[in-house]
Amino acid sequence: MLLFAGIIQGVVLGVILALVTSGMVLVYRATGVINFAHGSLMALAMYAAYDVRRYGGVDPLLSWVAVAPLMGFIGWGVFRWIVRPIRDRHHLLVVQALLGLSFVIEAFLLMRYGADLRSVGNVFSGRVIRLMGVGVEMTRAVAFVVSLAGLGGLGLALKHSDWGRRLRAIAADEMAAELAGISVTGVEGQVWCVGVGILGLVGPLLAGVFKLTPDMGLRYTILALVVLIVGGGRTMAATVASGLLVGLSETLGLLYLPGSYGGLTPYALLAVVLMARPAVAARMVRQR
Amino acid sequence: MKKAEFWAAGLVVAACLAPFAAGRYWLDVAFMAAVYAGVASAWNVAAGFSGTFSFGHGLFFGIGAYTSAMLFSALGISPWIGLAAGAALAGAAGAAIGWLGTRYRVGGLSFAVLTLAFAEVALLFVSTFDPLGASRGISIAPPQPPGLLSMQFESAAGFFLVALGFLALCQAVAWAIDAAPLGYRYRAVRENETAAQAMGVSPALVRMSAMAATGALTAAGGSIYGFYLLFVEPRTFFGPDVTIKVILFALVGGIGTVWGPVVGTALLYPAGEWLRAVFGGRVPGLDILVYGSLVIGCCLAFPTGIVGGVGRRLAARAGRGGGAGGRTAG
Amino acid sequence: MLLEARAIDAGYGKVPVLHGVALGVAAGECVAILGPNNAGKSTLLKVLSGLVGVWRGNLQFEGADITPDGPSERVRRGLIQVPEGRHVFPDLTVAENLIVGGLRLGSHRARRARLERVYDSFKPLYELRHRPAGMLSGGEQQLVAIARGLMAEPRVLMLDEPSLGLSPVAVDLVFGTLLGLKQESLTMIVVEQNVQFCFDLASRGYVLRQGRVVSQVEAMEHLTADALRQAYLG
């Protein structure tokens, strides 16, 4: 029974992680850049939901309507003013600039909200729903459903819409895409907008699931990076699979390993996957 | 060129002497700057020279600090021997990671992520493992009597001199690798692994030796910092902060050059401390905000690094000496 | 003239490649660009398609100045380049490759109609439409690249080394396809190392050497072997 409960919790966490990572995956595929500010941007979105709740009285389950476009705009701006000017230089330079951005966000959050733990309640706070006999926080369940829907939508868009075809075309061959009349920088800007905009959708939801601290960003960046690499950073289906693996390994690790050694399992998984799947490695070397 | 070297030497001497005149606070800053400069230089030996990128230098820094701290606290072994032991252990760990990376063909950015995974595992393990103090860390009783032998000093000047010695060692290693035939092997692997292999250079050997060297040097820095603080703790030593900082310093100064990491650290680290002194006390976070903006600004303004940009200009003036040397040594 | 280049200087970074190149293409003709390796032929095509910027001189297309336009604007005008080698989108299926080529046709219906017409003239691709383009043979990939260019309803189709690296059978296949397009009087500019290929396809030619137009061939069929050797070897 304990195992079963762990699996349910792990699946819920895994799907949520997959949606958090999906934005990073889109950005990586289209522009070859790993967004090291991803987690911090999510923290920003979560605190934005906190403010909307506190000053506007709007429930986080609704505030994403405002937060998502805001994050989308920020994502576009990050690409336009930070990534694009230096992306042809050393690939670590972009990494470093994005880490710098995550410092800035973290510092801003510290200045504005202080170092205290915060959480954002919503209408479902405190309620528990039974999934196949296992108690799951209602907010988590909602985030799970939204994540599934979001991932499904993204997967379909990537596969069957013109936008998805453009994205895959520039990911495959920038010059040929340009010659097919696709404005490559235009699409890249859109992808950053969507990739970061997704955080504006999940952030407010997760603000009711995870505790908010200004320095939480880096941890989520690394977690998303683990999911991205385990999944190979290409399709939504693979990202979901990898999110499930990471979510399950963390939940079950915490359940069965003594102390907090369970936190180790996602990284052990990452190390194993990196060494067992040279194809992923080879692709990442070839990146611009 | 001669004149430039003269001025550079003068600047280095001035930078080493100035902290003594500036008082305790700046001596502490200078100590940290020297440790970071050494670690940045060590990171650059692997990343800049051989293209073996690591995001997990916290692993080595932590191994160095914890090995010497444990050996001293538990067995009373001299910090210097602990430093050597830590360096040996971290060197072995580096070589092992280098071997794994080559064996399983994990290259480029994924190798960096692999090192990050190892560092995170180590961080979480040490934070949980009780014999190593778990997340509480270990306090070190000050070795007696103070002096060079016990790596304990009453004034910050002593620590600064030890850190300068460490930095000099790192620079000597970096310079030696850069100038020696080994340096050409490193660059060959960095530029094109397959072609290097075809020429008889073993990427495995290059990655392993580079990771061993960078690991051992970084660990030595960790030991010195540990005995300076007299306290080791998982997040400070195994955490990602050290790595993020040294990569930044090396990138801004100029990756792949012998002096770039030192120049980058000498400019950025004191700037960060100054910001903290001026703003940090009044508005928590403001200093990090300014510092982060500075990081972004540096990346946008010096995309090839300070020393990198200047070095290229000098090299262009001096002609193609390096290319001819490469052929004889290859 | 449908497309006209006037006194073009262009290059990469600070390295000049083209010096005062002038060229004109009338509607319905097929023009070959000849010359030895590194003469600047591919660069010239990239200048025409907008991948490489112009330093000096200007480009006219259907009477409009297109010099400042980027590649996507030129594609919208119908100036389409089929890139050299096998620049298909390997992970996309053949059908998806073609759809991407036809993105400039606004409506779904126009695209569908165009797709059917292209499949009509590229029967083998219809059979392969659900395969990822990266899995096809070299000749098939080249056909995909050409078909993708045709999807945009080109006013001018520019081909960079369409026979490069193909087996003789595949070269015949590509050649036959291009000949068919010529008979439909599609305006084409072809850069090609395979001399026979150019002979049979193009009506006129420009000879490029070291970034300059050194001679024009007014009638390809009258080009003698000697003159040709002259063109390539100098």
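Modeller: Chain A and chain C bury about 1800 Å² between them, with 64% of it on carbon and sulfur atoms. Buried area here is the accessible area (1.4 Å probe) that two parts lose on being put together, summed over both. This is a predicted model: local features need pLDDT of at least 70, side-chain atom pairs count only at pLDDT 80 or more, and totals for chains, interfaces and linings use all residues. Residues are numbered from 1 along each chain as its sequence is written, chains are lettered from A and ligands numbered from 1 in the order in which they are written, and side-chain values use heavy atoms, with hydrogens and water left out.

Start with the residues. Contact (heavy atoms within 4.5 Å) involves 19 residues of chain A and 21 residues of chain C. On the chain A side, A:R165, A:M175 and A:L179 lose the most area to chain C. Together they make up 33% of what that side buries.

Now the charges. A salt bridge is a side-chain nitrogen of Lys or Arg within 4 Å of a carboxyl oxygen of Asp or Glu. Chain A and chain C have four of them between them. One of these joins A:R234 to C:D91, at 2.8 Å from N to O.

Helix 6 of chain A gives the largest share, six residues. Helices (H or I, at least four residues) and strands (E, at least two) are DSSP runs, numbered from the N terminus. By class, the chain A side has eight nonpolar, two polar and nine charged residues. Ala, Val, Leu, Ile, Met, Phe, Trp, Tyr, Cys and Pro count as nonpolar, Asp, Glu, Lys and Arg as charged, and the others, Gly among them, as polar.

Next, chain C itself. It has an open sheet of four strands, in the order 2-1-4-5, with antiparallel pairing. Strand 2 (15–25) and strand 5 (64–65) of chain C are at the edges; each has a single partner strand, so one side of each lacks a neighbour in the sheet. Strands pair if DSSP finds at least two bridges between them. Strand 1 (residues 3–12) of chain C is joined to strand 2 by seven bridges. Within that chain, C:I8 has C:V21 in strand 2 as its bridge partner.

Finally, the other contact. Two pairs of chains are in contact, and chains A and B share the most contacts. Chain B gives 42 residues and chain A gives 43. About 3800 Å² is buried between chain B and chain A, 84% of it from carbon and sulfur atoms. The rule finds zero salt bridges there. Helix 5 of chain B brings the largest share of the side that touches chain A, 12 residues. That side has 32 nonpolar, eight polar and two charged residues. Chain B and chain C have no contact; their closest C-alpha atoms lie 16 Å apart.
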